[in-house]
Amino acid sequence: MIEITFSQSAAGGLKLAKSSKPGQKSQGPIGVIGGTAQQRRQALRQARKLRVWTGVEMEGGRQDVCPLTLALDIGPLADLDTGMEGRQTVLQTLFGDFSGVPEEIRQENERTLARLNEAAESAEPVRIWACESSLDELCGLYYLCHRLSG
């Protein structure tokens, strides 16, 4: 099953969840903001104790997660049927201060769209992760529904 998210952050969280097993010790950084030095030390000690994955085991693996970062809540949408050039302009505006990031996102979007085309041809199930309060994700959901329907 292909799993579609509409941001790099959501994809990272889903990849972590799909690669974690119940009871497995979690890895990664811990940060504590605010409080006194003693409160921060106590919070860090407590957080280290809780670093065991308590979520459910998810089917599939991290390779099934495909981010589609289009930022459809920003800029014109008129050219989506003819290509992604307008989206690349928006992504360049949003991420242009970070060297190579707009190009990386473009390449990842192309891989995701190619994988979606393969899934449509082979009738592979597609799960789309979207939040009803996120305009970007709702626009992405509508875009994919339109794209996959015809």
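**Close-up views of a predicted model**

**View 1. Leu113 sits in helix α4.** The model is predicted: local features need pLDDT of at least 70, side-chain atom pairs count only at pLDDT 80 or more, and totals for chains, interfaces and linings use all residues. Residues are numbered from 1 along each chain as its sequence is written, and side-chain values use heavy atoms, with hydrogens and water left out. Helices (H or I, at least four residues) and strands (E, at least two) are DSSP runs, numbered from the N terminus. Leu113 has a relative accessible area of 10% and is therefore buried. Buried means under 20% relative accessible area, exposed over 50%, and partly exposed in between (1.4 Å probe, protein chains only). Setting aside neighbours within four places in sequence, Leu113 is in contact with Leu68, Met84, Tyr143 and Arg147. Contact means heavy atoms within 4.5 Å. Leu68 is 45 residues away along the chain, yet the C-alpha atoms of Leu113 and Leu68 are separated by 7.9 Å.

**View 2. Helix α4 packs against helix α5 (residues 135-149).** Two packed helices are described by the angle between their axes and the distance between the axes. For α4 and α5, the angle is about 45° and the axes are 11 Å apart. Axes are lines fitted to C-alpha atoms, for helices over the stretch in contact, and angles run from 0 to 180 degrees between N-to-C directions. The pair is therefore oblique. Angles under 35 degrees count as roughly parallel, over 145 as roughly antiparallel, 65 to 115 as roughly perpendicular and the rest as oblique. The crossing of α4 and α5 is right-handed. From α4, Leu113, Leu116, Asn117 and Ala120 make the contact; from α5, Tyr143, Leu144, Arg147 and Leu148 do.

**View 3. Helix α3 (residues 85-95) crosses helix α4 (residues 101-122) at roughly 140°.** Their axes come within 8 Å. α3 and α4 are therefore oblique to each other. This crossing, too, is right-handed. On the α3 side, the residues are Gln88, Leu91, Gln92 and Phe95. They meet Val101, Pro102, Glu103, Ile105, Arg106 and Asn109 in α4.

**View 4. Ala71 and Ala123 each have a positive phi.** Most residues other than glycine have a negative phi. Ala71 is not a glycine, but its phi is about 50°. Ala71 lies in the loop between β2 (65-67) and α3. With 9% relative accessibility, Ala71 counts as buried. Ala123 is not a glycine either, and its phi is about 60°. Ala123 lies in the loop between α4 and β3 (126-128). Ala123 is exposed, at a relative accessible area of 65%.

**View 5. Ser20 lies in the loop between α1 (8-19) and α2 (37-49).** Ser20 is buried, at 6% relative accessibility. A polar atom of the Ser20 side chain lies 2.7 Å from the backbone oxygen of Leu16.

**View 6. The whole structure contains zero disulfides.** A disulfide is a pair of cysteine sulfur atoms within 2.5 Å. For Cys131, the nearest cysteine sulfur is that of Cys139, 13 Å away. Cys131 is partly exposed, with a relative accessible area of 35%. For Cys145, the nearest cysteine sulfur is also that of Cys139, 12 Å away. Cys145 is partly exposed, with a relative accessible area of 43%.

Notes
Polar contact = N/O pair within 3.5 Å; in protein donor to acceptor, adjacent residues only side chain to side chain. Left-handed = near helix turned anticlockwise from the far one by under 90°.
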